[in-house]
Structures are given as C-alpha cells and as structure tokens.
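Which aromatic contacts and which nonpolar surface features can be described for the model shown here? The report below takes up these two topics in turn.

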Amino acid sequence: MSLSAQVLEAGIVIGEAQIASGSASARCGSSKSCSKLEQFNDESPAIEMSPISPMDSQSNSQSDVPETAPHYLRAHIQLGALCFFLYLEGWNDGTNGPLLPRIQKVYHVGYAVVSLIFVFACLGFITGALLNVSLTEKLGFGKIMVLGSLFQVVAYTIEATAPPFPAFVFAYFLGGIGLALQNAQSVGYVARLKPNAETKMGFLMACYGAGALSSPIAATHFAQVSRWSFHYLVSLGLALFNTVLLIIVFRLKRQDECLVQIGLEPTEKGTSEHSEFRQIFGLKDVHLLASFILFYVGAEVTIGGWIVTYVQNVRGGGPSSGYISTGFFGGLMFGRLALLWVNRKLGERLALFIYAISAIALELIVWLVPSLVGDAVAVAVIGILLGPMYPIAMNHAGRVLPRWLLTGSIGWIAGVGQAGSALVPFMAGAIASKSGIRTLQPVLVGILGLMTALWALVPKSSRRVD
C-alpha cells in the first residue's frame, strides 16, 4: 500500500470516529446525560471487536485449534518432521524385496532361514510397542522419538558392514524397536492435531507409501553391485537426518509441551490408580482395534508379497509381473490421499465398510476370472481401497480411546499389526505349500471378511469420559 493510500485510510477512520462521536453527543440531549454516558463508557470494560464468520466462531470455540500464524506454521513444521519419519519407515519396509535374493546368495541361506529377517523385525516391533507403554510417562514424546531414531541408526550401521548373518538379523530386531517407538509416538501425536486430524493422518500414512515406492529403486541398483550392503549407508544417512530433524523440531520435549507450542491444550490426565499398562490392556476397544489392524496389515502384506508368485504360477505371468506389486503399493499411497473426500462425505466408519466389501468383490474377480491384465488392474484398485483403512482405524482410536492412554494404546495396536505382517503371510504360505498357490485368493477373501466383521464390533462412538 502506498503512503498516500495509508494517509487517506487513516483520515477516513478519524472521520468516522468524529461522526460517531457527534452522533453520540446529539443523542445525549443535555450535558448531564452526556456526562452519564461518558461515565458509563469510562467504567465499562473495553471489548475488542473483530469481524468473524460463523465458521470461525465455531472453530475458535474449540480449544484444540491453533489460533495464530506462528502456531499454524509450527504445527505444519511438526507434521512435516513426522511425515519424514513415516517416509523413512516406508523406505525401510520397501528395501527388503529387491535385496532378498542377494542376501540369500551372499549368506547361502534358503527361504526359511532368510525369513528370520522378518521374524526378528516383528519381534523388535512388538518389543518396541511394549517399551513404548512404559517409557511414555518416564521419558516423554521428544526423547522417545530420538531414542527410536538412534535405534535405527545403530541398525543401519550394523547392516551396512555386511556382518555375519546372526548379527545381520539382530540388526533387524533393533530396527524394529526403533520403528515401533517412533510409529506409536508419531501416530498418537497426529491423532491429537486439530483441526482436520483425519486429513493430516491420511497425509502422514501416504508418506509411508511414498517411501515404500521409492526405496526399491535404490535397493534394486545395489542388489546388482558388489557392495550391495552400501544400500544401508543411504538408509543410515536418512536416519541421521531424521534424528537431527526430530531434535531441532521437538527439542526432546514432552507431548504436552509440543502441543502448547502450536496452540493446543495439553492432554487431560486420567484419575485411575492403576498403571497405564494395566489401563490399556483393560480396554476392550484396544483389543478390537488391534485385532482389526492385525488382519488388515496381514492382508496388505500378503497381497503385496504373494501376488507376484500367484500371477506367475497361476496366470502364466513373466518377470514383469513384479510391477503388479508396485501397482498395489502405488494404489495404497494414492488411496490414502484421493479418498479423503469420500471419507468425509460418507463418514469414515461407513466408508471403511464400503471399501472392505468392494475389496472382497475384487478379490473374487482375481480368484475366479482368468485374466492377467484383469488381475493387475484389480490388484491396483484393491490397493486404493485398502489404503485409507489404516488411517481411518487410527483416527477412530483417537475418538473412542481415552486421550491420556492414546499414545500407548496406538503403540500396542501398531505392534499387533506388525505381528500380523509376519503371521498372516506365513499362514498363507503354509497353506499354499500344502494345497498350492491357488489357495491364496480364498485365504485372502476369508481374511478380509474376518477383518470386516471385526470392524463391525468396534464401537461407533466414544465410550470415554473426556
């Protein structure tokens, strides 16, 4: 704005003030009444008025909404830091597929022995989920996030040296602990962010998909060179950056302190005399959501891991069949963002039912329709439909579980889900080894059906008292 325009605007304001003053004097009618009016104005508390829309009024009536531009900026910086960790987690999980054949060749191990990588990663994740419950109160959000990141740094350092196989597998155990600690704290934190927690959760989970899509590009390159383990140096660099970013953004502070920095109220405290561990495991809703996530993650990993084998052996697909798995994970990432508006339109609970039933129908098509192209398209669409389910479940956990137990509860739910990522594919593989890979699709239909039934048992609304 130019200087002349500012002067003109100031003159208009002064003029309006003079007109208002003159009008008030005219309404007084006498000096006595005017003095009473002035006395009333002097004694009355000053009220600052500002234009506000109905939506603003509704939003500002909630305490959990950032109120200033600095709060808004810091909230997005915090979300960005957590999104980078989810990208790193996806990067970690997407690494294994391309490197497995090279790991088998280097260590001279078969399918059963090399699968110990996944078993120990699963054990690490469950261990981290249990540690998270006890450490949350002792250390707090910021310190646990950095501790988990340091576990990853140590794990990648060991793996980059291509140590003996037992040490290599143990590194996956350490990495699982680190991922579990950070995953529980990140998801629990984002579940507290207002407004638009659902959108933020969907974006957070989409970053996981982006990492899972990008890491195979690097892993495929390193799998073909002599220094194959140097791929973990790239992962180490990302983990070190993640550690520095978490320290700078959250500064080792507790969750309540970080929430106050972005204009949100601290989490309310529980009044129970029992330990947090006992309270969490006494909640029926925690076990229902954990069971749902177990079968969801299990179905997701089973489809992504076994579909290529199914297409090659049953549908006669060639080496390029591997792109079907890429299409599935790409659909997973796409669905977590593209279907956000559908979730809001229908409501998340109803939307998940529709996605699950549609995914079952598409699995029936893959099972019963002998078409290679049709299977590829159907699997990609199944990925889109499964994509929003995990963030929807975590959002629902934020609504039905006590907030002071949310981070620990989500940690356990995620840990059980990671157990499903090993249990369900192993179960599908065991059945396939006896009855053939054709059994994959009926097994998946059964798993998705059970998952849908468990979602129906999860309460529609909150049972907690806030």
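What follows describes aromatic pairs and then a surface patch.

This is a predicted model, in which local features need pLDDT of at least 70 and side-chain atom pairs count only at pLDDT 80 or more, while totals for chains, interfaces and linings use all residues. Residues are numbered from 1 along each chain as its sequence is written, and side-chain values use heavy atoms, with hydrogens and water left out.

The structure contains 17 aromatic pairs (rings of Phe, Tyr and Trp, the last by its six-membered ring, with centres within 6.5 Å; planes under 30 degrees apart are stacked, over 60 edge-to-face, the rest tilted). Two of these are listed here.

| Pair | Centre distance | Plane angle | Class |
|---|---|---|---|
| Phe84 – Phe241 | 5.1 Å | 75° | edge-to-face |
| Phe168 – Trp228 | 6.0 Å | 65° | edge-to-face |

Phenylalanine 84 in helix H4 (residues 69–107) and phenylalanine 241 in helix H10 (residues 231–250) are 157 residues apart; helices are DSSP runs of H or I with at least four residues, numbered from the N terminus. Phenylalanine 84 is buried at 18% relative accessible area, whereas phenylalanine 241 is partly exposed at 45% (buried is under 20%, exposed over 50%, partly exposed in between, with a 1.4 Å probe and protein chains only).

On the surface, Leu364, Ile365, Trp367, Leu368 and Val369 form a nonpolar patch with about 430 Å² of accessible area together (by the Shrake-Rupley method with a 1.4 Å probe; patch residues have over 30% relative accessible area and no salt bridge, like charges being joined within 9 Å and nonpolar side chains within 5 Å; a salt bridge is a side-chain nitrogen of Lys or Arg within 4 Å of a carboxyl oxygen of Asp or Glu). Leucine 368, in helix H16 (residues 348–368), is exposed at 59% relative accessible area.

Methods:
Helices (H or I, at least four residues) and strands (E, at least two) are DSSP runs, numbered from the N terminus.
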